[in-house]
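Good morning. I will talk about charged side chains and where they pair up. Please look at the model first.

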Amino acid sequence: MVRPLGHPDFRMLFAAVVLSVFAAGMWAVVMVYTVIDAGGDEVALSIVAAASAVGLLACAIPGGIVADRVSRRTVLRVVEAANVVAIGSVVAVSFTATVTIAHLTIVAFVLGAGAGFFFPAYSAILPRILPADQLLAANGLEGAIRPALQQAAGPATAGMVVAAVIAPAHATVGVALAHLLALVLLLFVRSEDAVPEAESDVAPSRGVLGDLADAVRFTVRTRWLLWTLLFATVWVLVVLGPEEVLLPFLTRDRIGEDPRWFGFLLAVYGIGGVVGSLVVSARPLPRRYLSVMTLVWGASTLPFIVIGLTDVYALMMASVFVIGFGFSYGNVIWGTLLQRRVPRHMLGRVSSLDFFVSLALMPVSMALAGPLAQVVSIPTIFIVAGLVPFVLSFVVLWAARMRQDEIAHPLDR
């Protein structure tokens, strides 16, 4: 599971990702209290949060195109440098004046846009610095540290720092330092290995739109890729709204109004994700990798049925653990498949398409969940969220001919 850390370039890259993810977790809390300290209300906070989402959506596709055209190492460095400048501007202003909502909105947009460039480049650089048989472990490590740092350690640290400083914006010093250290580490990542001749023999670039069209055509022609993206689209639509919008109210109504009840559920969900990532990365890639990934994703939503029907807190905690476990377990396999079965020269674009599809319907799902709960009972919504992905997983296995595909393209040797 830790074999990839034996490669110096991956050690530097992984350490930089750890710091960047930790900084993102801190910023999520620091940003909220800085908005409040600036006199902002719920609307102001929504504007700042939306700016980050807009930046992310706007740059997800361009980020993939850039990752396939220029050095991935350069993209990562530029993104971290932009993060340092953006957060550093908040640090500078916080010690001389009051940070404004407009300033925070711009910073949030820059950080969101940077993420849109960062993750396609990160996904595309891994196959160039690691052997193929270590990609699963590398993705498992990244999948484990993300929830642990972004959802737990980062926010917890930020909460303590915000409580200790004079103004919440002063806590951005810690965020800026984490991004600065990440940038320094990225400077020690050497150039990626040259792409093998078999994969570099591609048509000359036909422009941005031509490059994107090539990636879309490849996705449509590749059955396992197309059907998995369709599955992910439906999964996001029916699951994220109930999970993000309705679960807090359900917990309040059935368990109690103390916000710690919901906080503990989120923590258990994150722990499930960490365990799922570590379990899958500690073993070889499953021989039936497409079937395992799809069925685990589908089965892991079944506990939503329990959440929708029970008022026993222990059952709710067990359910969110299983959901987090299955989601991360499948995600680690999925990231590895992209890196091993998508041609390297278009890996950035295909990764960004995957990223964009996952993000595009997220706000739609969240926007629909509240109004839908006014006309449909919450238990019914959770039952649908549990059953639809489970049933769809079998449809995808059949429609994409995944069993035949994974036999024809073994990845366990």
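**Salt bridges in a predicted model**

Glu406 is buried, at a relative accessible area of 2%; buried means under 20% relative accessible area, exposed means over 50%, and partly exposed lies in between (1.4 Å probe, protein chains only). This is a predicted model, where local features need pLDDT of at least 70 and side-chain atom pairs count only at pLDDT 80 or more, while totals for chains, interfaces and linings use all residues. Residues are numbered from 1 along each chain as its sequence is written, and side-chain values use heavy atoms, with hydrogens and water left out.

Which residue forms a salt bridge with Glu406? The partner is Arg288, with the closest N and O atoms 3.5 Å apart. A salt bridge here is a side-chain nitrogen of Lys or Arg within 4 Å of a carboxyl oxygen of Asp or Glu. Arg288 is partly exposed, at 35% relative accessibility.

A search of the whole structure finds eight salt bridges. One of them joins the side chains of Asp9 and Arg190, at 3.1 Å from N to O. Asp9 lies in helix H1 (residues 8–37) and Arg190 in the loop between helix H6 (172–186) and helix H7 (197–200), so this pair ties together parts that are 181 residues apart in sequence. Helices (H or I, at least four residues) are DSSP runs, numbered from the N terminus. Asp9 is buried at 10% relative accessibility, whereas Arg190 is exposed at 52%.

Last, Glu142 and Arg146 form a salt bridge, with their closest N and O atoms 2.5 Å apart. Both lie in helix H5 (residues 135–164), four residues apart, about one turn of the helix.

Technical notes: Helices (H or I, at least four residues) and strands (E, at least two) are DSSP runs, numbered from the N terminus.
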